[in-house]
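Here are my notes on the model you sent over.

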Amino acid sequence: MSPYINLKIVAFAGGVGGAKLAQGLAQTLPPENLTIVVNTGDDFEHLGLYICPDLDTVCYTLAGLANPETGWGRVGETWNTISNVEKLGGPAWFRLGDQDIATHLERTRRLKDGKPLSQITKEFCEAWDIKPSVLPMTDSPVRTMVDSDEGELAFQEYFVHRRCEPRVKGFRFDGVEVAEPAPGVREALASADAIVFCPSNPWVSIDPILKVVREIKKTVVAVSPIIGGKTVKGPAAKMYSELGIEPSALAVARHYRTILTGFVLDNADVNFEKQIKDLDVKTLVTDTLMNQPTDRARLANDVLHFIGSL
Ligand code: FO1
């Protein structure tokens with residue numbers, strides 16, 4: 001058994017890319033050694049339902065229930081409910097599948113009964129046989145608002161309805177000032193050997209978690225979500241450009257530089273390694289693409305081995 005297999009890890013994750021590495025870590029570490037803290041800034045109320053896209057993307061991915069094409073929503077999905085909502089003249093821009101709607105119905109019902117989001121997430125993980133601990137970053141409402149050239153937009157309005165077309169000028173995490181980390185988050189951080197920032201969007205997936213957690217006094221290793229100047233999925237690179245920053249693995253390392261111990265970048269970005277080391281950050285250059293399901297555990301192993309070497 002490799003020494004790093006006993007590392008206690010807290011992973012910060014947002015959408016699809018983050019969920020893939022979270023699954024790789026879950027396939028590699030004993031479940032009691034892994035806590036996944038998930039962004040809830042993407043959450044919103046829609047059709048009277050309380051929807052937590054990043055929690056659901058992480059849980060569906062860990063449970064093997066995620067749609068492999070999109071990364072979000074369920075595999076083998078049907079769309080009868082949302083297509084009948086549309087026939088009735090309701091909003092259908094946010095694609096809610098029939099199986100997925102059960103999650104939103106039950107979450108909304110339990111929230112209305114006064115159950116905290118972290119407790120509901122625990123119950124869902126038990127139902128989906130997910131062994132590692134999955135925690136929302138907070139039980140309080142936090143809403144990522146995107147300031148754009150078309151004014152301020154709620155996250156899903158920007159991301160899905162407007163397909164990320166508006167040019168971003170900044171972000172605001174409404175409610176984050178008064179949000180406390182969810183029960184278990186502080187304890188997991190205190191007993192962790194290291195924190196892994198999964199390859200999620202630094203601006204709208206990792207930053208909200210950092211704003212809630214506030215201070216970090218641990219080894220932090222981030223995996224770049226940008227490869228060759230582009231994001232594998234999602235608008236992170238476009239956001240960097242619109243904010244006047246050349247999108248690159250180096251830009252991501254600079255984004256986190258005040259708290260970063262180690263940085264994992266793709267072979268395609270080896271030319272940035274020296275500049276990242278100059279930030280007093282240790283580097284691991286490897287294949288960070290997770291195209292095949294087996295890539296997730298491979299990358300997780302590389303990251304854990306890297307942490308073991310720090
Ligand atoms: N993303 C889309 O681009 N289009 C959709 O219609 C859509 C529906 C959807 C339904 C449930 C869910 O959990 C996620 C969904 N997502 C959709 C992804 C969602 O916008 C997330 O915020 C992204 O994954 C970014 O984190």
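This is a predicted model: local features need pLDDT of at least 70, side-chain atom pairs count only at pLDDT 80 or more; totals for chains, interfaces and linings use all residues.

1. Overall build. I count 12 helices and 14 strands in the protein. The radius of gyration is 19 Å, close to the 19 Å from the globule rule for 310 residues, so the protein is as compact as a globular protein of that length.

2. The α1/α12 pair. Two packed helices are described by the angle between their axes and the distance between the axes. Here helix α1 (residues 16-26) packs on helix α12 (residues 293-309) at about 75°, and their axes are 7 Å apart. An angle from 65 to 115 degrees counts as roughly perpendicular, and α1 and α12 are therefore roughly perpendicular to each other.

3. Who touches whom there. The α1 side of the contact is K20, L21, Q23, G24 and L25, while α12 brings R296, A297, L299, A300 and L304. By class, the contact of α1 with α12 has 6 nonpolar, 2 polar and 2 charged residues.

4. The second largest pocket. Its volume comes out at about 190 Å³. The lining consists of S118, Q119, K122, C125, E126, I130, K131, P132, S133, V134, L135 and P183. Sorted by class, that lining has 6 nonpolar, 3 polar and 3 charged residues.

5. Where does the lining of the second largest pocket come from? Both α5 (117-127) and β5 (133-136) supply at least two residues each. The largest share belongs to α5, with 5 residues.

6. The cavity. How many cavities of 30 Å³ or more are there? The count comes to 1, and the largest cavity holds about 30 Å³ of space. Lining the largest cavity are D56, C59, R107, I120, T121, F124 and W128. The elements giving two or more residues to that lining are α2 (53-62) and α5. Of the lining residues, 4 are nonpolar, 1 is polar and 2 are charged.

7. For the largest cavity, α5 gives the most to the lining, with 3 residues. For the second largest pocket, α5 again has the largest share, at 5 residues.

Terms used: Residues are numbered from 1 along each chain as its sequence is written. Side-chain values use heavy atoms; hydrogens and water are left out. Axes are lines fitted to C-alpha atoms, for helices over the stretch in contact, and angles run from 0 to 180 degrees between N-to-C directions. Helices (H or I, at least four residues) and strands (E, at least two) are DSSP runs, numbered from the N terminus. Angles under 35 degrees count as roughly parallel, over 145 as roughly antiparallel, 65 to 115 as roughly perpendicular and the rest as oblique. Contact means heavy atoms within 4.5 Å. Ala, Val, Leu, Ile, Met, Phe, Trp, Tyr, Cys and Pro count as nonpolar, Asp, Glu, Lys and Arg as charged, and the others, Gly among them, as polar. On a 1 Å grid over the protein atoms alone, a cavity is a set of points where a 1.4 Å probe fits but cannot get out, and a pocket is an open set with protein on both sides within 12 Å along at least five of seven lines; lining residues have an atom within 4 Å of a point. Grid points are joined across faces, edges and corners, and a volume is the space filled by probe spheres set on the points. The radius of gyration is taken over C-alpha atoms; the globule rule is 2.2 Å times the number of residues to the power 0.38.
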